[in-house]
Number of protein chains: 2
Amino acid sequence: MPKTNMIMKLFSKILLTAAMSAVLHPLTAQQNLDFSGKPSIVSPEVHANNTVTFRLEAPEAKEVRLTGDWLPSEGWTPGSLKMARDSNGLWTLTTEPLRSDLLMYNFLIDSVRITDPNNVYQIRDVSSVFSIFMTNGEQSSLYRVNDVPHGTVSRTWYDAKQLGRTRRMTVYTPPGYETSNAPYPVLYLLHGVGGDEEAWISLGRTSQILDNLIAQGKAKPMIVVMTNGHTSNDAAPGESSKGLYKPVMFTPDVGSGDMEASFRDVIDFVDRTYRTRADKASRAIAGLSMGGSHTLFISANLPNTFDYIGLFSAAYRLDSSKTNPPAVYDDLDKKLKIQKDNGYKLYWIGMGKTDFLYRTAVEYRRKFDTLGMKYTYRESEGGHTWSNWRLYLSEFVPQLFQ
Amino acid sequence: MPKTNMIMKLFSKILLTAAMSAVLHPLTAQQNLDFSGKPSIVSPEVHANNTVTFRLEAPEAKEVRLTGDWLPSEGWTPGSLKMARDSNGLWTLTTEPLRSDLLMYNFLIDSVRITDPNNVYQIRDVSSVFSIFMTNGEQSSLYRVNDVPHGTVSRTWYDAKQLGRTRRMTVYTPPGYETSNAPYPVLYLLHGVGGDEEAWISLGRTSQILDNLIAQGKAKPMIVVMTNGHTSNDAAPGESSKGLYKPVMFTPDVGSGDMEASFRDVIDFVDRTYRTRADKASRAIAGLSMGGSHTLFISANLPNTFDYIGLFSAAYRLDSSKTNPPAVYDDLDKKLKIQKDNGYKLYWIGMGKTDFLYRTAVEYRRKFDTLGMKYTYRESEGGHTWSNWRLYLSEFVPQLFQ
């Protein structure tokens with residue numbers, strides 16, 4: 001078949017030529033391949049000492065700035081730094097050494113906020129998309145995919161009976177789950193007001209943290225269930241029949257009590273569908289911010305269900321202005337008293353020193369003290385950030401089911 | 001607790017204020033919330049007649065262009081259209097009515113290619129990230145998340161024994177899998193040279209196509225297994241211990257025969273781990289471009305394993321220049337003869353009229369004709385595009401396991 005050979009040799013040649021030119025732009029109308037081969041720009045480049053160089057080619061721009069979640073902000077305005085232009089129109093900036101973490105950034109190109117065109121790794125947070133990278137070091141090594149056994153991450157739909165719908169959740173099952181017959185304990189992990197069932201996996205690096213802690217022998221193999229705490233949505237933006245809408249942070253369900261009131265359906269589905277140890281000693285629940293409030297009320301309303309409770313930068317009540325609060329919010333002190341009398345192994349509270357909810361934690365810790373409820377309090381640097389929530393998760397998980 | 005109440009009322013008030021301002025920028029160093037509340041720009045806006053309006057606020061830009069995969073390209077250079085600036089610096093463009101599909105685009109802001117900052121829905125294709133949207137109509141309704149029962153999508157790691165490593169795959173199990181005891185047939189679905197185990201889920205909309213076709217009674221419930229065809233990678237970029245590197249299209253494994261030679265390990269893992277019907281009548285395999293070549297050789301080398309074979313815009317041999325080709329490429333005609341004599345139910349070939357591999361398909365169709373192998377040939381408009389591969393999948397799947 002001479003023609004086939006000729007064509008395939010040409011194709012091979014194109015492949016090799018293209019391979020040498022590293023950067024490819026596949027957006028063409030007729031073909032999904034592009035061999036234009038622009039020279040490759042590396043951005044960001046993380047150096048051994050955790051300084052990081054950012055690069056953007058923008059010859060026509062008047063000003064390019066870098067904004068990142070490690071830069072001090074002024075109020076709600078993110079901090080930014082001016083980048084320097086070379087004679088070819090390449091803008092660069094090298095940072096000071098950064099902390100060991102997963103970090104987020106954008107470029108401001110003449111004040112238009114964009115993701116880094118040379119970095120394909122991005123994470124959505126509510127209605128914004130950020131470029132991400134990881135620095136070196138001990139803490140971020142927990143966030144990396146390392147050469148260790150990996151769990152399975154599933155997106156599945158459960159029957160939320162009390163809400164009359166099916167809803168999406170993300171489930172991590174540990175390495176060995178598929179080949180073992182053993183039942184596993186379960187951690188229920190709840191997101192904040194800006195999140196959904198993707199948040200703990202994408203921004204939270206939950207599957208990496210669990211894989212790594214389990215491989216190091218520091219955590220027991222466990223199932224982690226990540227729900228969607230916005231009961232007015234069935235799933236994360238783009239993953240429900242609402243289509244590709246523009247996400248907003250505050251949905252009408254916030255403070256409605258619906259998530260707390262319907263949580264039993266989540267537990268029932270998980271115990272029915274996965275090989276769980278369906279008892280109090282094998283259940284943990286933790287949440288951040290709004291999810292911390294959910295955690296507090298869910299565990300108090302199901303007061304003999306969880307032996308491990310974690311509040312990460314927790315809000316207390318998201319809407320206390322209602323004159324007729326939902327029943328899940330009624331008689332909290334009585335419910336906590338019952339929870340205390342039933343007993344639990346760990347009530348863990350994490351809070352950042354500069355968190356805008358810091359005073360809230362002072363108040364609910366005072367409540368717990370008054371009621372004689374034991375808890376472990378962990379105060380970290382920083383505020384209401386994913387940096388802290390990943391840190392809290394990595395400290396909380398080793399204490400579970402021991 | 002007056003202080004808590006005060007703080008929480010203030011928080012409630014902030015929440016309400018912020019809720020009214022729809023767009024939030026959570027990137028701040030100290031807090032993960034931002035209440036700056038810039039006015040919301042909607043982009044893209046898909047109108048009822050499938051015209052689409054794009055908007056970008058860029059007061060300082062000299063020129064903003066739109067590039068999209070529906071625009072005619074010149075050679076490998078994507079087509080683009082100039083957008084119009086209003087007096088406030090808002091650039092807009094409204095398209096002609098577009099086809100019913102999932103479509104990809106970028107903005108060129110003074111020649112810097114960016115994703116749309118007002119659209120959080122993006123898909124990576126090799127080393128580029130594109131903003132996406134969906135138009136209305138019959139074909140794209142298969143790509144939407146509709147109010148139908150949903151399958152589960154899992155990312156899991158299998159023991160690739162012949163390659164001596166564990167590798168990542170994506171598995172779709174149909175609605176009802178968790179609650180039934182029935183075994184299911186399996187479709188193995190392979191990606192092209194630019195893809196990985198995420199490609200058929202993200203660009204291919206496989207879970208939506210399957211959910212919708214099953215709900216309409218047009219497809220049998222089946223498991224779909226999406227592998228990573230680059231044997232020099234264990235997983236998609238960012239999902240392996242290689243870290244957050246810049247992806248390239250052409251890895252050293254292309255044409256090595258390793259994927260074809262080691263595919264038995266994939267089947268063994270799937271039959272061991274999932275509730276499959278582990279017989280030829282219940283197995284299908286299909287692939288696009290490089291994955292089409294993989295499909296041809298895998299099914300010919302395991303000639304009594306698949307009753308359904310699909311070649312979507314298939315390449316033939318990715319590297320026929322080697323003087324000592326791997327054994328999986330040896331004696332193809334003999335192997336095809338055995339496959340033919342063993343029998344199969346469907347050999348389906350899809351190809352676009354303007355595909356750069358069009359002549360290749362002419363050649364392997366001629367080979368099949370010479371060998372007396374029956375096949376169904378489907379010629380579509382257009383070329384080597386995801387638009388065609390989604391179309392082919394939606395036409396191929398209803399013919400399986402009937």
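A residue is termed buried when its relative accessible area is under 20%, exposed when that area is over 50%, and partly exposed in between (1.4 Å probe, protein chains only). At 8% relative accessibility, Thr95(B) therefore counts as buried. Thr95(B) lies in the loop between β6 (90–94) and β7 (102–109) of chain B. Leaving aside residues up to four places away in sequence, Thr95(B) touches Asn50(B), Thr51(B), Val52(B), Phe54(B) and Trp70(B), a contact being heavy atoms within 4.5 Å.

The model is predicted: local features need pLDDT of at least 70, side-chain atom pairs count only at pLDDT 80 or more, and totals for chains, interfaces and linings use all residues. Residues are numbered from 1 along each chain as its sequence is written, chains are lettered from A in the order in which they are written, and side-chain values use heavy atoms, with hydrogens and water left out.

Chain A contains 10 helices and 18 strands; helices (H or I, at least four residues) and strands (E, at least two) are DSSP runs, numbered from the N terminus. Of the 402 residues in chain A, 62% are buried.

Within chain A, helix α8 (residues 332–342) has Leu332(A), Lys335(A), Leu336(A) and Gln339(A) as its buried residues. These residues lie on the same side of α8(A) because they cover an arc of only 100° around the axis, the arc being that of the directions from the helix axis to the C-beta atoms. The buried residues of α8(A) are covered by elements including α7 (290–301), β16 (308–312), β17 (346–352) and α9 (358–371) of chain A. Exposed Lys334(A) and Asp341(A) sit on the face of α8(A) turned away from its buried side. Just after α8(A), Gly343(A) adopts a positive phi of about 90°.
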